[in-house]
Amino acid sequence: SRKICLPIGSAVTYLQLFRGGGKSNLSPKAFMAASAIAASLAISPLTLASETIGQVTNTPSGSSYSGNLIIDSGDNAAIHGTNQNISIKTTANISENGDITMNVGNAHGILAELNEGNSIEINAAGTVTIHPVGSDSGDDGDGINVTADNNGSLYFTAGVSNIIYANSQNGDGIYIDVGSSGDLTLVANGSKESGNIIESENNGIDHRGSQTISLNAANGINSIKAQTGDGLRLEGVGTIVLYGYDNKVTAGDNGIQVSQGQIQLDASNNNFIKGALAGIQIDDKGTVSVSAVNTNEIRGGQYGVNVSNKSNSLSKLNIVGKQNNITVSGDNGKTIAGISAYGNTDVNIEGNTHIVTSTDSAQSTAVYGVKLGNTDEFKGGNVYFKNGSVNIEASTTNGNVAGLDLRQKSLLDAQYNISDFKVVATHSGNGGQVSGAYVIGGSTLNINALGDVQIIAQDSDIN
């Protein structure tokens with residue numbers, strides 16, 4: 001009201017004078033009122049605190065909070081969506097960022113059993129953190145669990161990051177059950193190391209449904225770290241999309257595994273994919289697209305890329321970048337290949353490409369830069385290199401080694417805008433056969449480079 005306006009204005013004047021060391025012409029009464037208001041203004045930020053609530057099952061009119069929000073739900077999901085809409089929003093204030101933190105015991109962080117038309121919408125000015133402790137039962141501990149009965153959508157928007165910790169024995173960062181529908185979208189608007197961050201004991205994302213899962217961190221990073229499972233696992237007919245400045249996927253099994261559906265990584269800077277077994281594993285009807293403005297880095301312990309298809313449908317892998325590096329270094333005595341493909345498969349790689357495969361295992365190990373064809377039952381796959389140089393290195397100390405190994409009517413084609421093409425196969429021990437390029441069974445090797453073509457077998461004759 002008007003009576004309050006003068007003291008508040010005077011309080012501001014008082015604060016300015018106090019800070020600047022000036023003098024005030026206020027009357028004693030006005031000076032005391034201004035002093036009291038100034039003191040209140042000075043200490044009020046210190047009295048703000050995070051608000052804590054229990055499990056959320058519905059918010060008919062939506063819920064909005066100033067500052068940080070903690071959802072402490074014990075052994076129940078922090079958010080359980082069924083037949084009601086759920087909408088939670090936080091805004092930053094003078095002392096808090098507007099974070100939302102979900103602390104959960106032996107349960108999933110978020111459980112979605114939404115009816116069609118219902119949704120869960122989380123909008124935080126700061127960071128959304130989902131942290132279920134979980135148990136060893138295997139029945140809980142997922143960051144987000146979307147059941148087979150779910151038909152609604154989930155939306156998460158964070159001013160900084162969306163973070164999921166699912167560290168229990170069988171915890172998945174995100175689990176989508178077969179039969180479910182309704183898209184799931186995570187948007188993180190932070191920069192640099194901020195973004196959509198998932199750390200899990202089992203799979204980072206395990207998608208068995210038909211919907212689309214989108215992680216968007218246009219100015220930051222999409223980071224998936226799975227200790228024992230796959231980073232991105234797609235068994236349904238749906239889609240997983242990661243769009244970020246950087247995308248990083250690391251896993252104790254395969255970095256990416258898909259048997260049907262489509263996985264797409266799109267980076268305005270770099271992609272990094274690493275699996276203890278394969279960087280990328282594609283079976284049957286799956287499609288994977290990896291695109292970076294700068295570098296695609298793919299690493300595996302047995303395969304950089306392994307594409308196999310026993311069906312009549314086509315499995316496809318597309319890799320596009322200024323620089324594409326595929327690195328495999330194994331010591332488990334098993335076959336090692338930078339690229340392995342057989343059956344009805346197409347592998348397309350555009351940009352400068354460097355493939356390095358090696359082992360120093362005491363066990364006899366076959367090492368290949370590119371291996372097309374597996375058994376007599378299925379034809380070899382097709383690999384196409386375009387727009388850049390190709391450098392392939394394969395080396396071993398014990399066993400067979402080949403830079404290129406083409407069997408069962410497979411095809412390797414490098415004819416479109418290839419600057420240089422070089423293959424080096426090296427055997428540094430005793431025993432085994434070394435081949436720069438080994439081509440049999442009606443297979444085709446087409447190379448047409450603007451510069452040099454070199455195919456070299458070291459320590460043996462070229463076959």
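**Exercise 1. Find which residues Ser 161 touches, leaving out residues up to four places away in sequence.**

Step 1. Apply the contact cut-off: heavy atoms within 4.5 Å. Ser 161 then touches Gly 126, Thr 127, Val 128, Ala 188, Ser 194 and Gly 195.

Step 2. Ser 161 sits in the loop between β11 (153-158) and β12 (162-166). Strands here are DSSP runs of E, at least two residues, and helices are runs of H or I, at least four, all numbered from the N terminus.

Step 3. A polar atom of the Ser 161 side chain lies 3.0 Å from the backbone nitrogen of Gly 195.

Step 4. Classify exposure. Buried means under 20% relative accessible area, exposed means over 50%, and partly exposed is in between, with a 1.4 Å probe and protein chains only. Ser 161 counts as buried because its relative accessibility is 4%.

Before going on, note the basis: this is a predicted model, where local features need pLDDT of at least 70, side-chain atom pairs count only at pLDDT 80 or more, and totals for chains, interfaces and linings use all residues. Residues are numbered from 1 along each chain as its sequence is written, and side-chain values use heavy atoms, without hydrogens and water.

**Exercise 2. Decide whether Ser 223 is buried or exposed, and say why.**

Step 1. Ser 223 belongs to strand β17 (residues 212-226).

Step 2. Its relative accessibility is 18%, so Ser 223 counts as buried.

Step 3. List the contacts beyond four places in sequence: Asn 196, Ile 197, Ile 198 and Lys 248.

**Exercise 3. Work out how far Arg 407 is from Ser 443, in sequence and in space.**

Step 1. Arg 407 is in the loop between β31 (401-406) and β32 (411-427).

Step 2. The two residues are 36 residues apart in sequence, yet 5.7 Å apart in space, C-alpha to C-alpha.

Step 3. Check the contacts of Arg 407 outside four places in sequence. They include Lys 371, Tyr 438 and Ser 443.

Step 4. Arg 407 counts as partly exposed because its relative accessibility is 23%.

**Exercise 4. Trace the bridge partners from Ile 319 through β28.**

Step 1. Strands pair if DSSP finds at least two bridges between them. Strands β26 (residues 315-329) and β28 (residues 345-358) run parallel, joined by 13 bridges.

Step 2. Ile 319 has Ile 349 in β28 as its bridge partner.

Step 3. Ile 349 in turn stands opposite Phe 385 in β30.

Step 4. Eleven bridges link β28 and β30 (residues 382-396), and these strands also run parallel.

Key
A polar contact is a pair of N or O atoms within 3.5 Å; within protein, one must be able to donate a hydrogen and the other to accept it, and residues adjacent in sequence count only if both atoms are side-chain atoms.
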